[in-house]
Number of protein chains: 2
Amino acid sequence: MVETAIEMDKAALILKLLGDQTRLTMLKILDRHACCVCEFVEIFQMSQPAISQHLRKLKDLGLVQEERKGQWIFYSINKYSGEYSFLQQVLDQLPNQDLKIIELEKNGTRISCC
Amino acid sequence: MVETAIEMDKAALILKLLGDQTRLTMLKILDRHACCVCEFVEIFQMSQPAISQHLRKLKDLGLVQEERKGQWIFYSINKYSGEYSFLQQVLDQLPNQDLKIIELEKNGTRISCC
DNA sequence: TTATCATATAATGATTTGCTTATATATTCA
DNA sequence: TGAATATATAAGCAAATCATTATATGATAA
């Protein structure tokens with residue numbers, strides 16, 4: 001089956017979410033590493049509700065998914081989203097953000113789940 | 001020379017502009033056809049100042065350029081923008097909008113400049 | 001020159017956005 | 001069970017956004 005192009009309205013909704021530096025960086029990080037809320041709080045030095053609200057928007061559009069592991073909820077890219085390849089084409093053009101994860105590991109604030 | 005990745009903050013600024021259905025459609029149209037303001041007014045059924053303001057934002061980021069031809073000002077994609085390839089990767093994923101130009105031609109509202 | 005057409009800019013207002021603080025819910029651990 | 005930790009949700013507010021109407025600017029044509 002041929003992959004159908006994304007609709008303009010759906011594309012605009014997604015791009016609007018990507019048009020925020022916090023969410024854009026979140027997605028670039030999630031593209032390679034599942035993360036929980038408290039890690040993003042550390043990375044962005046932003047309040048926990050602010051982080052949760054950003055993730056909620058990404059989840060509402062189906063771009064990310066969540067999985068609870070104990071007391072933490074890990075977010076990751078939803079590879080089964082109908083717009084995954086659209087998203088991926090954008091993220092692929094952005095600079096790698098692994099350094100932010102490496103810094104968490106140095107700080108000892110990286111949550112390594114079982 | 002290796003093409004450097006776009007910076008996150010610049011990417012976010014561009015994506016924010018793309019995250020509006022009017023501007024996103026404008027850019028997809030401009031990707032194949034230079035257009036003037038009055039054509040967009042017809043296409044989007046929106047006031048002339050609203051169209052001008054959208055184009056201003058696109059021009060401020062260097063995504064489009066303008067060229068006066070007589071009383072009209074034609075806008076087109078700025079292929080010499082440093083972010084042209086970034087923009088192009090997004091636009092390439094969107095459905096073709098040529099129908100909007102074809103409808104202008106049917107209406108007789110397409111401006112064919114000399 | 002004056003009227004007309006195309007466009008830009010300014011001022012305004014309703015809506016949306018992105019944070020904050022306060023509070024609720026869910027899990028873990030002593 | 002009760003305290004601590006992680007997260008979500010609600011309410012509120014300042015700033016940004018996107019349209020509108022009014023007006024200014026610039027080009028063309030009578």
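**How much area is buried between chain A and chain B?**

## The interface

About 2,000 Å² is buried between chain A and chain B, and carbon and sulfur atoms give 70% of that. Buried area here is the accessible area (1.4 Å probe) that two parts lose on being put together, summed over both. On the chain A side, A:M8, A:L15 and A:Q93 supply 36% of the area that chain A buries against chain B, more than any other three residues. As for contacts (heavy atoms within 4.5 Å), 23 residues of chain A meet 23 residues of chain B.

The count of salt bridges between chain A and chain B is zero, with a salt bridge taken as a side-chain nitrogen of Lys or Arg within 4 Å of a carboxyl oxygen of Asp or Glu. Three elements of chain A give two or more residues to the side that touches chain B: α1 (8-18), α2 (21-30) and α5 (84-91). Of these, α1(A) gives the most, with seven residues.

## About the model

This is a predicted model, where local features need pLDDT of at least 70, side-chain atom pairs count only at pLDDT 80 or more, and totals for chains, interfaces and linings use all residues. Residues are numbered from 1 along each chain as its sequence is written, chains are lettered from A and ligands numbered from 1 in the order in which they are written, and side-chain values use heavy atoms, with hydrogens and water left out.

## Helix α4 of chain B

Now for α4(B), residues 48-60. Helices (H or I, at least four residues) and strands (E, at least two) are DSSP runs, numbered from the N terminus.

Buried means under 20% relative accessible area, exposed over 50%, and partly exposed in between (1.4 Å probe, protein chains only). The buried residues of α4(B) are B:A50, B:I51, B:H54, B:L55 and B:L58. They cover an arc of only 130 degrees around the axis, so they sit on the same side of α4(B); the arc is that of the directions from the helix axis to the C-beta atoms. That buried set packs against α1 (8-18), α2 (21-30), α3 (37-44), β2 (64-69) and β3 (72-77) of chain B. Turned away from the buried side are the exposed B:Q53 and B:D60. Just after α4(B), B:G62 takes a positive phi of about 80 degrees.

Terms used: The expected span of a helix is 1.5 Å times one less than its number of residues.
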